[in-house]
Amino acid sequence: MAIDVQTNETTVFVDENRMKQVFLNLLTNAIRYTPNQGKIYIRLFKEENALKIIVEDTGKGIEPEYLPYLFDRFYRTDEARTRYSGGTGLGLAIAKQYVVSHNGKIEVKSKVNHGTSFIVYLPYQNEIY
Ligand SMILES: Nc1ncnc2c1ncn2[C@@H]1O[C@H](COP(=O)(O)OP(=O)(O)OP(=O)(O)O)[C@@H](O)[C@H]1O
Ligand SMILES: [Mg+2]
């Protein structure tokens, strides 16, 4: 695992516990769906008024037809469902809710047999909620 920090402005105001859950899930997924010898990167950038955090893996990727449903509750790809190990399919739905409640957004980019990136934007300036 490697961390790549491309900005000095890394402070955002968040609910610590909820944001921990977001990144715990993204990292657990990355580890779970990336074979041994794979790589996981966490990258930080400043993008306009938001901190952009990318969790990138070199895992098996996600078929494009699954991508629109990934943040739905209980959604797991066919392959993940037939696996012995794994979770309930709630992690990304919860992650999206928490990110959106911080006025941020979360996106996914993936290429089969190449890897997956989850991209989280968290605004620097935020309302107190
Ligand atoms: N990094 C990734 N690489 C490949 N597939 C992924 C990745 N992250 C998520 N997925 C796919 O998206 C599905 C949904 O992920 P999500 O985190 O919501 O659920 P889960 O990990 O299966 O269960 P839970 O998070 O509730 O323990 C996964 O089951 C898997 O099919
Ligand atoms: Mg998960």
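A polar contact, as I use the term today, is a pair of N or O atoms within 3.5 Å. Keep that cut-off in mind. One more thing before we start: this is a predicted model.

Let's begin at ligand 1. Which side chain puts a polar atom 2.7 Å from an oxygen atom of the ligand? That is R76. Its distance falls within the 3.5 Å cut-off. The backbone takes part as well. A polar backbone atom of G89 is 2.9 Å from an oxygen of ligand 1. For G91, a backbone N or O atom lies 3.2 Å from a ligand oxygen. How much of the ligand does the protein cover? On its own, ligand 1 has 610 Å² of accessible area, and the protein covers 95% of that.

Now the surroundings. The ligand takes up the space of the largest pocket. Around ligand 1 there are 21 residues. The closest are N29, D57, R76, T88 and L92. By type, the shell has 9 nonpolar, 9 polar and 3 charged residues.

Where do these residues come from? Helix α1, residues 16–32, gives the most, with 4 residues. α3 (91–101) and β5 (115–123) each supply at least two.

β5 pairs with strand β4, residues 105–111. The pairing is antiparallel, over 7 bridges. Take one bridge as an example: K109 is partnered by S117 in β5. Together β4 and β5 form a hairpin, with 3 residues between them. Look at N113 in the turn: its phi is positive, about 65 degrees.

Methods:
Residues are numbered from 1 along each chain as its sequence is written. Chains are lettered from A and ligands numbered from 1 in the order in which they are written. This is a predicted model: local features need pLDDT of at least 70, side-chain atom pairs count only at pLDDT 80 or more; totals for chains, interfaces and linings use all residues. Side-chain values use heavy atoms; hydrogens and water are left out. A residue is near a molecule or strand if one of its heavy atoms lies within 4 Å of it. A polar contact is a pair of N or O atoms within 3.5 Å; within protein, one must be able to donate a hydrogen and the other to accept it, and residues adjacent in sequence count only if both atoms are side-chain atoms. Accessible areas come from the Shrake-Rupley method with a 1.4 Å probe; for residues, only the protein chains shown count as cover. On a 1 Å grid over the protein atoms alone, a cavity is a set of points where a 1.4 Å probe fits but cannot get out, and a pocket is an open set with protein on both sides within 12 Å along at least five of seven lines; lining residues have an atom within 4 Å of a point. A molecule sits in a cavity or pocket if more than half of its atoms lie within 2 Å of its grid points. Ala, Val, Leu, Ile, Met, Phe, Trp, Tyr, Cys and Pro count as nonpolar, Asp, Glu, Lys and Arg as charged, and the others, Gly among them, as polar. Two strands pair if DSSP finds at least two bridges between them.
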